[in-house]
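This report looks at a strand arrangement and at charged side-chain pairs. Please keep the model in view while reading.

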Amino acid sequence: KAGQLLNAMLPAIGLKREDVYIANVVKCRPPGNRDPEDDEVAACIPFLHRQIELVGPDVIVTLGRIAARHLLGTTAPISSYRGRWTRFAGRDVLPTFHPAYLLRNPAAKAQAWADLKQLRQRLAAPPR
């Protein structure tokens with residue numbers, strides 16, 4: 001269902017699924033779909049960094065606290081920094097809520113929509 005929500009969110013800002021590249025912090029789903037443990041992330045994060053290097057995205061959107069924590073190195077609650085642009089590996093990064101979180105907390109959809117509008121504006125701007 002989270003993937004379906006993401007697929008619905010993209011056209012709202014003028015994107016198609018094939019316009020984006022989606023990567024995960026870990027490359028296999030942890031048992032019971034639990035959060036990945038630090039050793040699992042440590043084994044997989046070099047692959048994510050290499051994907052970013054090879055794909056060369058203009059911007060990165062981290063979906064949820066797990067992605068933000070491990071890409072940006074923060075342990076703060078995502079609600080404290082979502083919607084604020086930051087940088088990783090010379091690229092603009094916009095942290096926002098994961099679609100699964102939005103399904104559990106529909107009230108957060110307004111904040112996620114504000115984040116997506118920022119993304120749309122950034123993508124429409126001339127390249128830096």
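## Terms and basis

Buried here means under 20% relative accessible area, exposed over 50%, and partly exposed in between, with a 1.4 Å probe and protein chains only. This is a predicted model, in which local features need pLDDT of at least 70 and side-chain atom pairs count only at pLDDT 80 or more, while totals for chains, interfaces and linings use all residues. Residues are numbered from 1 along each chain as its sequence is written, and side-chain values use heavy atoms, leaving out hydrogens and water.

## The sheet

Helices (H or I, at least four residues) and strands (E, at least two) are DSSP runs numbered from the N terminus, and two strands pair if DSSP finds at least two bridges between them. The order β1-β3-β2 describes an open sheet of three strands with mixed pairing. Because β1 (59–63) and β2 (86–88) each have a single partner strand, they stand at the edges, and one side of each lacks a neighbour in the sheet. β1 and β3 (residues 91–96) run parallel and are joined by five bridges; L63 has T96 in β3 as its bridge partner.

## Salt bridges

A salt bridge is a side-chain nitrogen of Lys or Arg within 4 Å of a carboxyl oxygen of Asp or Glu, and the whole structure holds eight of them. One joins R122 and D92 at 2.9 Å, N to O; since R122 lies in helix α5 (residues 109–124) and D92 in strand β3, the pair ties together parts 30 residues apart in sequence. R122 is buried at 15% relative accessible area, and D92 is buried at 5%.

D35 and R65 also meet in a salt bridge, at 2.4 Å, N to O. D35 is partly exposed at 37%, and R65 is partly exposed at 47%.
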